[in-house]
Amino acid sequence: RGFLAERRPAEESELTNADLVPFLRSLPIFELHRAAPPDGEAAPAPAGECVPLQRGVHCVAPPGVPESLLAGGRFVRSGSESERRLLRFLGVEQPARSAFFRSHVFGRLAELPAEARDGAMVSVLRELHALGSEDAGFVDSLRELRFVPTAGGSLHRASELFHPKVHAAAELLGVEGAYPAGVFSAPDLLSALERLGLRGEVTRG
């Protein structure tokens, strides 16, 4: 893999033979990202499995995505620009960040370690404007997602919780069930959660 990756772009014209590209894809030399370790386990895991490439199955993660989100046997490791160039040449796609979160994170929140889950969703909230601009349906999909933790440990949609300034909510639901907890109570994240429906008042009906 290293030898192929280090070829100069000008030499790629030599690899355009219709039979050669499928042959290169069939070689079990492409390393997958390893599974994430359990919460609290800091010891490094073994290197990922090396596999042949399957079109429509394997892809390259967007830049800056933590390893803990890349388990599942889909994401090919690319440690250098030359390796990324080789993977692009072989037809391995890299999803946009909005598509990555919607397709590979949102549906797996229940199985992710809490630290990885919360870290991913904090990133989403802090990038919400850019992600929403990239994908018109992104914000709406996020509104339906239970990802905001409370002090009691349960996960909720933003619209099911109250801004901490709404003191009356604690009287109705208790502090442990009324407000976003932990890092999600930071001012910048509360602002993003308000866009997703975080309640600013108690309505009685």
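Is Cys59 buried or exposed? Select Cys59 in this predicted model: its relative accessibility is 8%, so Cys59 counts as buried, since the limit for that class is under 20%.

**The cysteines**

Select Cys50 next. Its relative accessibility is 38%, and therefore Cys50 counts as partly exposed, a class that lies between the buried limit of 20% and the exposed limit of 50%. With cysteines on display, one may look for disulfides. A disulfide is a covalent bond between the sulfur atoms of two cysteines. A search of the whole structure returns 0 disulfides.

**Asp140 in helix H7**

Now move to helix H7, which covers residues 138-143 and contains Asp140. Asp140 has a relative accessibility of 47%, so this residue counts as partly exposed. Display the side chains of Asp140 and Arg143: a polar contact of 2.6 Å joins them. In sequence, Asp140 and Leu196 are 56 residues apart, while in space their C-alpha atoms are 8.0 Å apart.

**Thr150 between two strands**

Finally, select Thr150. This residue is found in the loop between strand E3 (148-149) and strand E4 (155-156). What is the relative accessibility of Thr150? The value is 5%, and Thr150 therefore counts as buried. Leaving aside residues up to four places away in sequence, Thr150 touches His156, Leu161, Glu176, Gly177, Tyr179 and Ala181. Among these, Glu176 deserves a separate view: its backbone oxygen lies 3.1 Å from a polar atom of the Thr150 side chain.

Note on methods. Residues numbered from 1 in each chain as written. Predicted model: local features only at pLDDT ≥ 70, side-chain atom pairs only at ≥ 80, totals over all residues. Heavy atoms only, no water. Helix = DSSP H or I, 4+ residues; strand = E, 2+ residues; numbered from the N terminus. Buried < 20%, exposed > 50% of the residue type's maximum accessible area, 1.4 Å probe, protein only. Polar contact = N/O pair within 3.5 Å; in protein donor to acceptor, adjacent residues only side chain to side chain. Disulfide = S-S within 2.5 Å. Contact = heavy atoms within 4.5 Å.
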